[in-house]
Amino acid sequence: MLRLPHFKYHRPTTVDHAIAVMGEHAGDAMYIAGGTDLVPNMKHRLFEPGHLVALKRIQELRGVGQDDGHLRIGAGETLSAVSRDAQVLEHFPSLADAAAHVAGPQLRNAGTIGGNVCLDTRCTYYNQSAFWREALGYCLKKDGDVCHVTKVGKKCVAAHSADTPPVLMTLDAVVVLIGPDGRREVPVRDFFVADGIVNTRRAPDEVLTEIRIPMSSASRRQAYAKLRQRKSIDFPLLTVAIAADLDGDGTVRHLEGVVTALGARPRVLAKWSDVAAGRILDDELIEDLAARAHQQCHPLENIIVDPEWRRAMVPVFVRRALAQVRAA
């Protein structure tokens, strides 16, 4: 049986109180929201904080509503709530779709959208029990000095495996972070870095309080597609998020695609708009974009499924997502 390490559990009711508690135990504390990722990782001894600062009782982190030309989604809203919210469904259906496809229903009922944005990267050689990792030899991300995927050290290539960030990138969303130094906003497309060990720009003592999506993005045609081993629960082997501005006859003004689960951060598919702008979104253009995506994407052996098969699935899922955009 995998048991949790000993820790002290704190239940602040405001963001300021949570930050203060984190400051009192700096270096030995972590925030916890739904806990659907952190708790298993603690059982695997990937994290062993002496203090957990719970965010569940903080009302500032809840609610969905329009504010100053944006749809504001509190980071503490559960994925189930986001997937069913009337405003999200009406204006940003791709986000509702992505939230509805995270894990299984029990985890969506507990896990939060803020937690999904901040989800830790995953790797075959990292997300294992302490006994398993010791037997193999620890990896670069935890306790070791070599990456078992690339066979060299220096850079961790654990995969970004969250469903909602690629969609949020295509919608020009920003996240709001509050920490000891105050409030700041970071575009989701700039929030991630190519480092499998720490792949976000959030400082350990900062709280992600809300996600803001400009209402102007609601006019975009949107699509989301996900590849996983078991449709009911698994982490993605690949996700594709697409948003497009089309004229009435289907002519593309702007089109963007983002993929994830291939590297340490979501990846914007390069120069899609250059290829698509001024063209009708027809079968020929869809094939051109699918081929371009296949050319750009090269999965690693950081997930147990064969990387060449995953790469072969890239154009398949790009076609499916683009077909959704065309039909929207």
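Predicted model: local features only at pLDDT ≥ 70, side-chain atom pairs only at ≥ 80, totals over all residues.
The buried residues of the helix are L285, I286, L289, A290, A293 and Q296. Because these residues cover an arc of only 135 degrees around the axis, they lie on the same side of helix 12. An α-helix has 3.6 residues a turn, so residues three or four places apart point the same way. The buried residues of helix 12 pack against strand 11 (252-260), strand 12 (267-268), helix 11 (272-276) and helix 13 (307-327). With 14 residues (283-296) at 1.5 Å a residue, helix 12 should span 20 Å, which agrees with the 20 Å between its end C-alpha atoms.

A salt bridge joins the side chains of R326 and D283, with an N to O distance of 2.9 Å. This pair links distant parts of the chain, since R326 is in helix 13 and D283 in helix 12, 43 residues apart. R326 counts as partly exposed, at 36% relative accessibility, and D283 as exposed, at 51%.

The structure holds 19 salt bridges. In one of them, the closest N and O atoms of D172 and R220 are 2.6 Å apart. D172 lies in the loop between helix 9 (164-170) and strand 6 (174-179) and R220 in the loop between strand 8 (207-214) and strand 9 (221-227), so the pair ties together parts that are 48 residues apart in sequence. D172 is partly exposed at 33% relative accessibility, whereas R220, at 17%, counts as buried.

R212 and E210 also form a salt bridge, their closest N and O atoms being 3.0 Å apart, and both residues are buried.

Technical notes
Residues numbered from 1 in each chain as written. Heavy atoms only, no water. Helix = DSSP H or I, 4+ residues; strand = E, 2+ residues; numbered from the N terminus. Expected span 1.5 Å × (residues − 1). Buried < 20%, exposed > 50% of the residue type's maximum accessible area, 1.4 Å probe, protein only. Arc of directions from axis to C-beta. Contact = heavy atoms within 4.5 Å. Salt bridge = Lys/Arg side-chain N within 4 Å of Asp/Glu carboxyl O.
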